[in-house]
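Student: I am new to this structure, and I would like to learn how its descriptions are reached. Could you take me through a few of them?

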Amino acid sequence: MDAADMGQDLERVLLTEEQIGTRLDELAAQIDADYAGREVLLVGVLKGAVMVMADLARRLHLPVEMDWMAVSSYGAGTTSSGVVRILKDLDADLTGRHVLIVEDIIDSGLTLSWLLSNLRTRGPASVEVATMLRKPEAAKVDVDVRYVGFDIPTDFVVGYGLDYAEKYRNLPFVGTLAPHVYTD
Ligand code: XMP
Ligand code: MG
């Protein structure tokens, strides 16, 4: 599927499938080098991180395990409250593990900040973060994100795991939605 198949729903393509792939090659090489000789537990945050997890993991040469967590911010509205509820916890015991959280997007950074403190209470050897996308708001929160795919503007984006009302996650690229999609 490409932008043309989206009809009038998509305003523009922000990142092509090729750009995403090239950037993931670079991040994977960096992660392989940084964790050389160690085993990594990749922790994907459902559902948005499914695509980046699959594509990043396949590029790594390190021995890795993959686990998943689902979290949800309390409250209504479109902005994150920072109060997080665990919908699905990890299967893995983090004791002594090198944990790499894999995220689709960091916006306010509140979800991630909560997740980091939560995972750090479980005795891991280390916890780092890799995110495909990061919005400017994230700079306001003191969260150290070691691996960032792309810094993007504040516009709402979909595709490559990201949804609007659970749709568009399957797009192989990242795009911005046309305003009529969420105002109609
Ligand atoms: P924080 O706590 O960093 O939350 O504000 C990040 C979560 O907010 C969602 N999010 C988006 N989802 N397009 C989406 O499809 C976007 O542009 C977007 N910005 C934020 C997403 O669930 C992410 O995990
Ligand atoms: Mg998400």
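Student: What makes His98 and Val99 contacts of Ser126?
Tutor: This is a predicted model, and contact here requires C-beta atoms within 7 Å. Once its neighbours within four places in sequence are left aside, Ser126 meets that condition with His98 and Val99. Leu100 is 26 residues from Ser126 along the chain, and their C-alpha atoms are separated by 8.2 Å.

Student: Where does Ser126 lie, and why is Ser126 called partly exposed?
Tutor: Ser126 belongs to strand β6, residues 126-134. Ser126 has 13, so it falls in between and counts as partly exposed.

Student: Why is Arg38 called exposed?
Tutor: There are 12 other C-beta atoms within 10 Å of Arg38. Because the exposed class takes in 12 or fewer, Arg38 is exposed. Arg38 sits in the loop between α1 (17-34) and β2 (40-46). Its C-alpha atom and that of Val71, 33 residues apart along the chain, are separated by 28 Å.

Student: How do you know that β1 and β9 pair?
Tutor: Pairing needs at least two bridges. Strands β1 (residues 10-15) and β9 (residues 174-177) have four, so they pair, in the antiparallel sense. Leu10 stands opposite Leu177 in β9.

Key:
Residues are numbered from 1 along each chain as its sequence is written. Chains are lettered from A and ligands numbered from 1 in the order in which they are written. This is a predicted model: local features need pLDDT of at least 70, side-chain atom pairs count only at pLDDT 80 or more; totals for chains, interfaces and linings use all residues. Helices (H or I, at least four residues) and strands (E, at least two) are DSSP runs, numbered from the N terminus. A residue is buried if 20 or more other C-beta atoms lie within 10 Å of its own, exposed if 12 or fewer, and partly exposed in between; C-beta atoms are placed from the backbone. Two residues are in contact if their C-beta atoms, placed from the backbone, lie within 7 Å.
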